[in-house]
Amino acid sequence: METKTYFITLKPIDTFFFGGETTFNGGQKKNYFVQTEDFPQQTAILGMIRYQILANNNLLMSKKSTGSDEKCASLKVGAESYSPESSKLDFGKIVSISPVFLYNEDTKEVAFYAPYDQAVMPKNLCTYPDERYSLALEKSNIKVYSLQHQEQKDFYKLIKKHKKKHEDYTSKDKIFNGFISDNAQGKFLEYDDVFVKEERVGIVKKGGNREDKEEGFYRQVYNKMKNKALCFAFYVELKDGHGLRHGEVFLGAERSIFHLDLCEVGQSSCKKTFDTVLDQTFSQEAEAGIPNIKKIILISHTWVKDMKELKALLVAGVYKYSMHRFIQSNLTKTKNWVAMNRENHKIGNALSKSKPYYMLTPGSILYVHENKLGDLKILLNNPSFQKIGYNYFYSLQPEL
């Protein structure tokens, strides 16, 4: 069956909220403040596409659904949810999904998370004694890694580039706040050039005593695109007969509304492939450095099975982690699509979450000697994760 690649844009109608691991009722303690993630998770994109294909083919499961309906639905989108370590991932008409990135509908520019060596570095987070690079790690979750046999000044040469420094910095601030576009001039976008935050304060009515009233207060931070031409975008490879089409879709923890538009790659209005977009964005990132050292930029969240093995390969690296868990379900077994079983990670009658996966974040940079590059690529390449847009990276040779 023939497959085709499509370029898809998701234009937010208004504010949007993408959930992460921190939720109002997600942990041991009650949480009254949550903030949206910047981008939708790749599993959320997969879920949205699967839902739209089922809806467009009148195959959404209900109490009246028959075994025949379930079989047709499985052929369209697969029977089970994403399981990262499965060797038999099958999503029916959905072959693969690229990482999500930013897209400007007016200028046709794309933008990805900038590498951490272009990060916005607060002044009191950086010190340069004797031209050596260091970070106040107790004030950030970013990790700086360098082998002892590597000269510190050489490591500094690799990651010394910074766009600007902030005077006022608190431990709550992120060390990284930027994006780079495929603009020929290498345009750098500050975080505030892209997103505008909107905070909402509310109250859930409960009992009459004071404790109940205090527990009812909550704060929730949404995002909004600063430029109306900005939207999210990604590539998806689909088999013929999928049924995905233009229209409004729901995405995110709060079912935010987006307009989905798609065009087939290769048509006059949609000629760029994902590889072309990456080359135009990151090929200019080479910089003066150590001879025979390759620089790897992580484009998406990346899971590495053995971090000790990764560190053994690296000359240096600047990276941080985020925790991900994936919702587990099955078209046949799952009957309750609202409740969440928090006691185990197995597919059952209700939804459940997978075990936690600690993933390196997009923008992380890894430096490796050229004779170890092949080993590093083997460690980063993971077909199960890459199928839906995780574990994407770009390698380049620093200029001398």
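Are phenylalanine 16 and phenylalanine 195 buried or exposed? Both phenylalanine 16 and phenylalanine 195 are buried, where buried means under 20% relative accessible area, exposed means over 50%, and partly exposed lies in between (1.4 Å probe, protein chains only).

The model is predicted, with local features requiring pLDDT of at least 70 and side-chain atom pairs counted only at pLDDT 80 or more, while totals for chains, interfaces and linings use all residues. Residues are numbered from 1 along each chain as its sequence is written, and side-chain values use heavy atoms, leaving out hydrogens and water.

The protein chain holds eight helices and 24 strands; helices (H or I, at least four residues) and strands (E, at least two) are DSSP runs, numbered from the N terminus. Of its 400 residues, 47% are buried. Contact means heavy atoms within 4.5 Å, and among contacts between residues at least 6 apart in sequence, 75% join residues at least 24 apart.

In soluble globular proteins, nonpolar side chains tend to be buried together. A nonpolar core is a set of buried Ala, Val, Leu, Ile, Met, Phe, Trp, Tyr and Cys residues joined through side-chain atoms within 4.5 Å. The largest such core has 48 residues, of which Leu10, Ile49, Phe179, Phe195, Phe232 and Phe234 touch the most other members. Helix α1 (residues 42-56) gives the most to this core, contributing six residues. Beyond its neighbours within four places in sequence, isoleucine 49 is in contact with Ile94, Ile97, Phe234, Val236 and Leu244. A second, separate core of 29 residues includes Val110, Val265, Cys270 and Phe274.

Rings of Phe, Tyr and Trp (its six-membered ring) pair if their centres lie within 6.5 Å, with planes under 30 degrees apart counted as stacked, over 60 as edge-to-face and the rest as tilted. The count by this rule is 31 aromatic pairs. Phenylalanine 39 lies in the loop between β2 and α1 and phenylalanine 232 in strand β13 (residues 230-239), so the pair ties together parts that are 193 residues apart in sequence. Phenylalanine 39 is buried, with a relative accessible area of 12%, and phenylalanine 232 is buried at 0%. Ring pairs also link a cluster that includes Phe101, Tyr103 and Phe274.

Two strands pair if DSSP finds at least two bridges between them. β4 runs antiparallel to β13, with four bridges joining them, and pairs in the antiparallel sense with strand β5 (residues 110-113) over two bridges. Tyrosine 103 stands opposite cysteine 231 in β13, and its bridge partner in β5 is valine 110. The hairpin of β4 and β5 has five residues between the strands, and there lysine 108 takes a positive phi near 65 degrees.
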